[in-house]
Amino acid sequence: MYGGKFLICGGEGQVGTALGRLTPPPGVQFCTFSHSEFDISNMKKVSEIFSLVSPCLVINAASFTDVDEAEDNPDLASLANKDGPAHLAEACAKADIPLLHISTDFVFDGTKTTPYTESDPVSPLSVYGKTKAEGESVVRETHAQHIILRTAWVFGRNRSPFINAIIKKARQGNDLRVVGDQIGGPTSADDIARSLITIAKAAVAETVHWGTYHLSGEPDVSRFELAKEIVAQLFPGTDNRPYVEQISSNDYPTKAKRPATVHLDCSKICKDFGIERPNWSHALKRVIADFESRAE
């Protein structure tokens, strides 16, 4: 029914790695490249890879995701988050194939009291958010056959900085101080990967509504609440757990300003693709189990 090659950019990242663990649809071959193999900010390299692979669809999971580092290196962030998607969109338009591009809730400022819809205006607070918003714009302007998938608080089995830090400190017996005034929907890379393949199959079958979609895990929680759940899963059925203290963002200053509360309205992706918001707690158990097995 499908057939052809899906070109996956950013194969070493959380979503790229999760995609690599999936079984491709019948007749489809995944052609996955890491950043060292395929720098999407290099237009010449983009042309070379497209000539080599001849993809029928592209999934862009490549991104500069270190939010604080982006403040110190805005040019590098822009290369990955704006220029790279621009090159891919141009190449996809030339080849007349779909582009699936991952974006972020950081394009919003987090001041809206109701869930953000796909049509809400962006207002990023950080270099990372700004470059991701610019990447979205250039994809829209360059290629009609696109899906932009905004997601939030991505965590995966190979690299989850926040979750790994909480696990490590908790296992060392340290009490934790975690921000309680930043709220979002933690989203498993595995759930994002499965959703991308669902969308990809619709795209190559030409049964898709092009545009922007939201997908985040449920329920929405604060980072403090997420940390408490991690500790509860690490130490089940016992009161002998590290104490998790709730603090404010002012108590934990960072280089980049984060949006305070971002509830993503995910009704559109459910309506158009039948993709429902995944419960992040189930995926969190797998991530913790994987982390613990590596630590043994």
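I began with β4 and β5 in this predicted model, where β4 (residues 99-104) and β5 (residues 146-151) pair in the parallel sense over 6 bridges; I took strands as DSSP runs of E of at least two residues and helices as runs of H or I of at least four, numbered from the N terminus, and called two strands paired if DSSP finds at least two bridges between them. In this pair I found L99 opposite H146 of β5.

I then looked up helix α4 (residues 74-95), which packs on the sheet and touches β1 (4-9), β3 (57-60) and β4, contact meaning heavy atoms within 4.5 Å. The direction of α4 makes about 160 degrees with that of β4, with axes fitted to C-alpha atoms, for helices over the stretch in contact, and angles running from 0 to 180 degrees between N-to-C directions.

I noted that helix α7 (residues 189-204) lies across β1, β2, β3, β4 and β5, and runs at about 155 degrees to β3.

For the whole sheet I wrote down an open arrangement of 6 strands in the order β2-β1-β3-β4-β5-β10, with parallel pairing. Because β2 (28-33) and β10 (211-214) stand at the edges with a single partner strand each, one side of each is left without a neighbour in the sheet. The twist averages 20 degrees from one strand to the next.

Last, I checked β1 and β2, which pair in the parallel sense over 6 bridges, with F33 in β2 as the bridge partner of C9.

On method, I number residues from 1 along each chain as its sequence is written. Local features need pLDDT of at least 70, side-chain atom pairs count only at pLDDT 80 or more, totals for chains, interfaces and linings use all residues, and side-chain values use heavy atoms, with hydrogens and water left out.
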